[in-house]
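Have the model open while you read.

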Amino acid sequence: MSFFERHVLESLIYLPMLTAAVLVALPFGWRAAARWLSVASGLALLVGSLYVFFVFDRSPDASGAVDGFQLVRVLPWFDQLGIDFRLGVDGVATLMVLLTGIVAFAGTIIAANVERETKSYYALLFILIAGVYGTFVSIDLFFFFFFYELAIVPMYLLIGVWGSSTKFKTFDRPKEYGAMKLVLMIVAASLLVWVAIIVMYNEAGLGTFSIPALSEFALSGGEGGGPGFSPEFQRIVFPLVMVGFGLLAGMWPLHTWSPDGHVAAPTTVSMLHAGVLMKLGAFGIIRVGMLLLPEGMRDWAMVLFILGTVNVIYGAISAMAQTDLKYVVGYSSVSHMGYVLMGIATMDPVGITGASLQMFSHGVMTALFFAVVGAIYERTHTRDILVLNGLASRMGWITAFFVIAGLTSLGLPGLSGFIAELLVFVGAFRTVPVLGVLGVLGALLTAVYILRLVARVFLGERSSQWDGLSDLTAREGFAMGVLVVPIVLVGVYPGPFLDVIKPGVDLVLLALGE
């Protein structure tokens, strides 16, 4: 490996941490410097993420792969407990790294609108980004959990300080409520994950937190008669992993923190929250649940499948009932993450591939959604669907970007959502056709609320109060354009993305014995 290949993964963690440290050291009055430094760092992260994506070896017998992972980097950290700073990526992680780079870069550009405590806002944002990158590239369970928690902690301050309260007809919901609910629920669920990790570490008796080593240990059990984790052990421990990670993925009925968090969060935080943070939960089920507890996955797959299907239907119906734009997008995210859970639960190569691609597609699409909603709110100071109307005549570009996100959401051919959902549906019909039918019904409901929303907010007669509205600035348009590019690329030419995902899916299928 070249020097950059050896160090690129750790650079994706160190760079945002270093950026956060420099931002903290900047004088308070240097807002412009903080913005330019943040955007430059975001661009560097995007370049690094693209490098990981293109250098990833897609061939079945990839040279340089170690136990199915590439770009592996191991630094001893705590020998007594077998904890190493162990980094590496498979196909699924590579796609998530690319997703993080795209959303983070677009988010840093959008965040230039923040006027209050600019450098502190960006510093917390980059700590969150470092945690997300660290989770996706860590192949040591200890550091996997460490970075998982690191990505969550800044959310409280980002929402509590820079967020906005929501006014309802009969009461107000303060931003602190959304921040506290989000953090408390996720941290509580994280305790289940931490218990599962400690129990697996002790049960294996290998003296290491290495995911490849623990995966090999898990593979040695079962019908082969090796040690491995017993089926009974996996049956008990897997629900801890499923619920612990599933909550962050917005799994029903533990999803309620997500829409409230979305609504209270500032625009960039909503983009990262829905775009990448929720993906950590689904990724955790794949990385920890499926790789290390395959028999437990088999026993609980139907439960996960049913819960994912409920997510799809419930989220879509809830989105139809909302009058706040952010709540619509928030419940839409719950619905679309249901497709991810359904794809994972199929344990089918097509379904798991669809779930992985859906994580990428939904991440970019929902980041675009929240960027557009944030732009509308900044200009109108409301998100009330019953008040907004005829915006297309004054906000042509905003309308265009919202429509692109909406059409991606409802699965229009030629955009990324169609390919991802098609793969999930194929996998679902190959395993549990009844649930596959319900999943398709969810797509129909999505079309209903998206088209109705576009007609109500953007089309028709415009009220005189919106006569003075301005459209996107060049900066905002560029950021949203960055998000549109992968949506179109995946929709028109999904091959390179599917080729990257395949080695990761093969690794999961090997663990499942498929």
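1. Ala345 counts as buried, at 4% relative accessibility (buried is under 20% relative accessible area, exposed over 50%, partly exposed in between, with a 1.4 Å probe and protein chains only). Which residues does Ala345 touch, leaving aside its neighbours within four places in sequence? Met297, Ala301, Leu304 and Phe305 are in contact with Ala345, where contact means heavy atoms within 4.5 Å. Arg298 is 47 residues from Ala345 in sequence, with 8.7 Å between the two C-alpha atoms.

2. A word on what you are looking at: this is a predicted model, in which local features need pLDDT of at least 70 and side-chain atom pairs count only at pLDDT 80 or more, while totals for chains, interfaces and linings use all residues. Residues are numbered from 1 along each chain as its sequence is written, and side-chain values use heavy atoms, with hydrogens and water left out.

3. Next, helix 4 (residues 118-137): its 20 residues reach 29 Å from first C-alpha to last, close to the expected 28 Å (the expected span is 1.5 Å times one less than the number of residues). Helix 4 is mostly covered, with 18 of its 20 residues buried.

4. Helix 1 (residues 3-25) packs on helix 4, their axes coming within 8 Å and crossing at roughly 165 degrees. The two are therefore roughly antiparallel (under 35 degrees counts as roughly parallel, over 145 as roughly antiparallel, 65 to 115 as roughly perpendicular and the rest as oblique; axes are lines fitted to C-alpha atoms over the stretch in contact, with angles from 0 to 180 degrees between N-to-C directions). Their crossing is left-handed, that is, the near helix is turned anticlockwise from the far one by less than a right angle. Helix 1 brings residues including Leu9, Ile13, Met17 and Leu23, and these meet a set in helix 4 that includes Tyr122, Phe126, Ile129 and Tyr133. The contact of helix 1 with helix 4 divides into 17 nonpolar residues, two polar and one charged (Ala, Val, Leu, Ile, Met, Phe, Trp, Tyr, Cys and Pro count as nonpolar, Asp, Glu, Lys and Arg as charged, and the others, Gly among them, as polar).

5. Have a look at helix 5 (residues 141-162) against helix 10 (residues 267-292) as well: the angle is about 155 degrees and the axes are 12 Å apart. That makes helix 5 roughly antiparallel to helix 10. Among the residues making the contact are Phe144, Tyr148 and Met155 of helix 5, and His273, Phe283 and Arg287 of helix 10. In the contact of helix 5 with helix 10, 13 residues are nonpolar, two polar and one charged. The crossing of helix 5 and helix 10 is left-handed.

6. Some backbone spots to check. Trp252 and Pro253 are joined by a cis peptide bond, with omega about 5 degrees, and Pro253 is found in the loop between helix 8 (231-248) and helix 9 (257-264). Leu71, in strand 1 (residues 70-78), has a positive phi near 55 degrees although it is a residue other than glycine. Leu71 is buried, at 7% relative accessible area. His381 also has a positive phi, near 60 degrees, but is exposed at 62% relative accessibility. His381 is found in the loop between helix 13 (349-380) and helix 14 (396-409).

How values were computed:
Helix = DSSP H or I, 4+ residues; strand = E, 2+ residues; numbered from the N terminus.
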